[in-house]
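The following note concerns helix packing, aromatic pairs and a few individual residues. Please read the points alongside the sequence and the model.

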Amino acid sequence: MAKVLEEMSNYIYTEVDNGSQTISCPRYMNDVYTLGIDLQYYIGDIYLQMAEISRGDIRSQYKKMAVSELEIKEKIEKINNARLNELLTQFYNNGGQIIEAPLTSDQAKELQPFFNRLLDTYFKRLESLLVLAAEGSITPERLDRMINFDTLEMYGNVSKLFKVDEIVQGFNNLISIRESVRK
């Protein structure tokens with residue numbers, strides 16, 4: 001169990017000046033998609049680590065769950081690339097003018113503590129679920145359903161922090177993608 005928790009990846013963390021780890025509050029729709037992609041890697045990593053310590057059918061279940069997370073990641077990457085292409089077109093059509101962030105730096109700083117609190121709660125839930133799964137208290141299917149529920153709930157709660165339509169739409173897109181793959 002300790003091995004699983006130790007080897008969890010840090011895909012979505014960036015270092016800040018004081019040495020602590022934090023995830024930056026999204027200022028663009030693409031930041032939202034990057035967060036979604038990184039979370040997909042993180043969740044997939046959870047399943048792969050669980051597969052390493054499991055045997056038999058449970059091991060193959062965790063591997064299938066990891067593949068499912070990659071499918072979600074690929075869909076997010078697809079809409080992220082489409083959005084980047086839209087921004088490039090806008091940039092060139094406007095003569096190379098800098099595109100302003102929908103959320104200012106000051107607004108992002110104001111939201112950062114609330115954003116951090118929601119993500120911290122989410123990651124603590126995932127860690128608790130991981131402990132339960134490693135102990136055998138919950139099945140892989142139950143773990144998957146609970147992680148899916150917590151992820152959707154976190155996206156919804158985080159989107160409520162923002163008054164910027166573009167960012168809210170990004171989180172709504174992440175929810176839609178996750179729900180469409182999980183049916």
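1. Ile58, Gln61, Tyr62, Met65 and Glu69 in H3 meet Pro140, Glu141, Leu143 and Asp144 in H5, where contact means heavy atoms within 4.5 Å. The residues of this contact comprise five nonpolar, one polar and three charged; Ala, Val, Leu, Ile, Met, Phe, Trp, Tyr, Cys and Pro count as nonpolar, Asp, Glu, Lys and Arg as charged, and the others, Gly among them, as polar.

2. On the basis of the description, this is a predicted model, in which local features need pLDDT of at least 70 and side-chain atom pairs count only at pLDDT 80 or more, while totals for chains, interfaces and linings use all residues. Residues are numbered from 1 along each chain as its sequence is written, and side-chain values use heavy atoms, with hydrogens and water left out.

3. Helix H3 spans residues 56-93 and helix H5 residues 140-159; the two pack at an angle of about 25 degrees, with their axes 10 Å apart. H3 is therefore roughly parallel to H5, a term for angles under 35 degrees. Axes are lines fitted to C-alpha atoms, for helices over the stretch in contact, and angles run from 0 to 180 degrees between N-to-C directions. Helices (H or I, at least four residues) are DSSP runs, numbered from the N terminus.

4. The count of aromatic pairs comes to six; rings of Phe, Tyr and Trp (its six-membered ring) pair if their centres lie within 6.5 Å, and planes under 30 degrees apart count as stacked, over 60 as edge-to-face and the rest as tilted. The rings of Tyr42 and Phe123 are edge-to-face because their planes stand at 80 degrees, with the centres 5.2 Å apart. This pair links distant parts of the chain, 81 residues apart: Tyr42 belongs to helix H2 (residues 29-53) and Phe123 to helix H4 (residues 105-135).

5. Tyr42 is buried, at a relative accessible area of 10%, and Phe123 is buried at 8%; buried means under 20% relative accessible area, exposed over 50%, partly exposed in between (1.4 Å probe, protein chains only). Tyr42, Tyr122 and Phe123 form one aromatic cluster.

6. Phe91 and Tyr92 also form an edge-to-face aromatic pair, 5.2 Å centre to centre and with 75 degrees between the planes. Phe91 is partly exposed, with a relative accessible area of 28%, whereas Tyr92 is exposed at 61%.

7. Ala82 lies in helix H3 and is partly exposed, at 38% relative accessibility. Ala82 and Asn30 are 52 residues apart in sequence, with 10.0 Å between their C-alpha atoms.

Technical notes:
Parallel < 35°, antiparallel > 145°, perpendicular 65-115°, else oblique.
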